[in-house]
Amino acid sequence: MITVKFNPNTNILESKFEGNVTLAEIVNYIIATKENKAYPRKLKILTDSRKAIFNFTIEDLDVIVEENQKSLEKYELIIDAIIIDDPKKTVLSMLYMELTKTNKYKFEIFATKSAALNWLNNF
């Protein structure tokens, strides 16, 4: 399950990935973000995936990257900090990071919320 809340005090989109997280849920999350005209065009995202089980394959990353590219057309810049706590999620996220290299998308992996927020706040 993916839950999303925009924090107007920090100007950060706070996403939580919990339980089984499927490819369809991630694609729907990206599409909803793309279509939301109220978010700042320089969007900062904090994604907490510590309670998630990624239920998709390495091959599915291409679909996620493709949807993300479409979303980037609607934004000046997206800065995404993801909090991860296990090796499988780290591997998937590192592969994703390699596939999504573009000047309009910054993506980093963190072990703690404070480190992720510190990085986001430096943009």
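Predicted model: local features only at pLDDT ≥ 70, side-chain atom pairs only at ≥ 80, totals over all residues.

A: Residues are numbered from 1 along each chain as its sequence is written, and side-chain values use heavy atoms, with hydrogens and water left out.

Q: How many helices and strands are there in the protein chain, and in what order do the elements run?

A: Helices (H or I, at least four residues) and strands (E, at least two) are DSSP runs, numbered from the N terminus. The protein chain has four helices and five strands, and from the N terminus its elements follow the order β-β-α-β-α-β-α-β-α.

Q: At what angle do α1 and α2 pack?

A: Axes are lines fitted to C-alpha atoms, for helices over the stretch in contact, and angles run from 0 to 180 degrees between N-to-C directions. Here α1 and α2 pack at about 5°, their axes being 9 Å apart, which makes α1 roughly parallel to α2 (angles under 35 degrees). The contact (heavy atoms within 4.5 Å) involves residues including Ile26 and Ile30 of α1 and Ile64 and Glu67 of α2.

Q: What volume does the largest cavity have, and which residues lie nearest its centre?

A: On a 1 Å grid over the protein atoms alone, a cavity is a set of points where a 1.4 Å probe fits but cannot get out, and lining residues have an atom within 4 Å of a point; a volume is the space filled by probe spheres set on the points, which are joined across faces, edges and corners. The largest cavity has a volume of about 290 Å³, and among its 21 lining residues Phe17, Ile26, Ile64, Asp80 and Tyr96 lie nearest its centre.

Terms used:
1 Å grid on protein atoms, 1.4 Å probe; cavity = no way out; pocket = protein on both sides within 12 Å on 5 of 7 lines; lining within 4 Å. Parallel < 35°, antiparallel > 145°, perpendicular 65-115°, else oblique.
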